[in-house]
Amino acid sequence: MSVPFSGTLRRSGGIVSAIGKQLKSVNLKGVKRITVQFDPFAENVKSTREFLFLLSTPKVSLSNPKCVVKSDIVCDRSPAFIKFALIDSAQEKAQAKEIRFNSDNLNTLELLELCNKHVSTLAPPEEITNKVLTKAEKQKLGGSGGAGGKKAPKKK
Amino acid sequence: MANLIQKGLPLTSARTPLLQLMRHRGKINIQRPKEPHYERARVVAVTQPKYPEPPKALTCFQSRAQRTAAQLENPYNAIIAREVRNWLDHSRLVAIFHLNSITADEIFRVRVQLHKQNMHLKSYGRKIIAQAVTGTQYEAIMPLFHSNHCIVFSPDQQRVGALLRLTRKVPQMVLLGGIVENTLLSRNELINFAQLPGLQSAQAQLVQTLNMAAGTVVQQLQAHQCNLVKVLDVHAKGGSDAAPTTDVKETNT
């Protein structure tokens, strides 16, 4: 009598690979400006600071070069927050001008998950620019129209 | 001739001992050793080493990794902690920055510019800083090191302006706070400190304020006389409308 298999076939890589996986899908195209405010001497600021660091990595910042990341340091023990100011098309989609995360009680992985859930989905879809045709593709397109005319000079 | 010598002196004869060659062509057998003789086996069994096992109660719930790994504190950490403590004690200005993602090239450029102003950019691990700082007067800076950071030390505290000017050009360095003359300052307080006038001008202002008390009394006593002198000067230069005011002044004095 054998028990049917239950459980995972692969082990998870831990929190670091989970963070890496979330980072890969972060898309800031729908964001105009990010403001990160925290009090460095307060408790629970570690996740905010880590999130700020991850936003400044080249991979994430290249997803939207126009997006500015601003960090405000305050000294009045106010709770830390992260504000995403959205671009116009994203504002229509989300029915809101900006999205705010109160990051005092969230850890880095949760912040990234929320960011992917709310902010990355608001990125406008990419428009396909003019595709450069290769010679073979051009021939295929043109050859079906004027097969004789095109092939005759070539056969010389 | 040689034989004759050997027969006469038996001690000089050197005979080679009986040699039995054990190894031929270099391949020896170690994988299938011969079973030892009973006597030899008895001696081997008796002389096997016996190692003491730790009492089961202590190690019962520990995993194998925990049982086998014995982590020792690296004494190099203590040396680096002492260096950090030294830097903290001997620099009158310490500024702590949050460091975002930055290329080595850029941080090197910043380090060189700071070095030209006699400021030293350094970075240490959180555990080492904790070791250096807990129990001392610098314990309050501990919460600043939870994430990627760097520290700038300077032996003179007049360089805050230069430091702020240089780091304003680097968006990845975010000033968190600092220590100036054994006083912990937040970011805004550091910026205000940079905008304060220098020590000499502050001393001059203090002297001026102290002298102002006596100065005002003297000024008030001399006010009427000075006014009269001024008015007479104007009158002497040939002002006709100074005449009625002169009469008023003369009746007052």
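View 1. Residues are numbered from 1 along each chain as its sequence is written, and chains are lettered from A in the order in which they are written. As the model is predicted, local features need pLDDT of at least 70 and side-chain atom pairs pLDDT 80 or more, while totals for chains, interfaces and linings use all residues; side-chain values use heavy atoms, without hydrogens and water.

**View 2. The buried face of H5(A)**. In this helix (residues 108-118), A:Thr108, A:Leu109, A:Leu111, A:Leu112, A:Cys115 and A:Asn116 are buried (under 20% relative accessible area, 1.4 Å probe, protein chains only). These residues line one face of the helix because, seen down its axis, they fall within an arc of 160 degrees (directions from the helix axis to the C-beta atoms).

**View 3. Chain A against chain B**. Contact (heavy atoms within 4.5 Å) joins 14 residues of chain A to 19 residues of chain B. About 1,400 Å² is buried between the two chains, with carbon and sulfur atoms giving 63% (accessible area, 1.4 Å probe, lost on being put together, summed over both). A:Phe41, A:Arg49 and A:Ile73 lose the most area on the chain A side, together 46% of what that side buries.

**View 4. Elements of chain A that touch chain B**. H2 and strand E2 (68-73) of chain A each give two or more residues to this side. H2(A) gives the most, with five residues.

Definitions and conventions: Buried < 20%, exposed > 50% of the residue type's maximum accessible area, 1.4 Å probe, protein only. Helix = DSSP H or I, 4+ residues; strand = E, 2+ residues; numbered from the N terminus.
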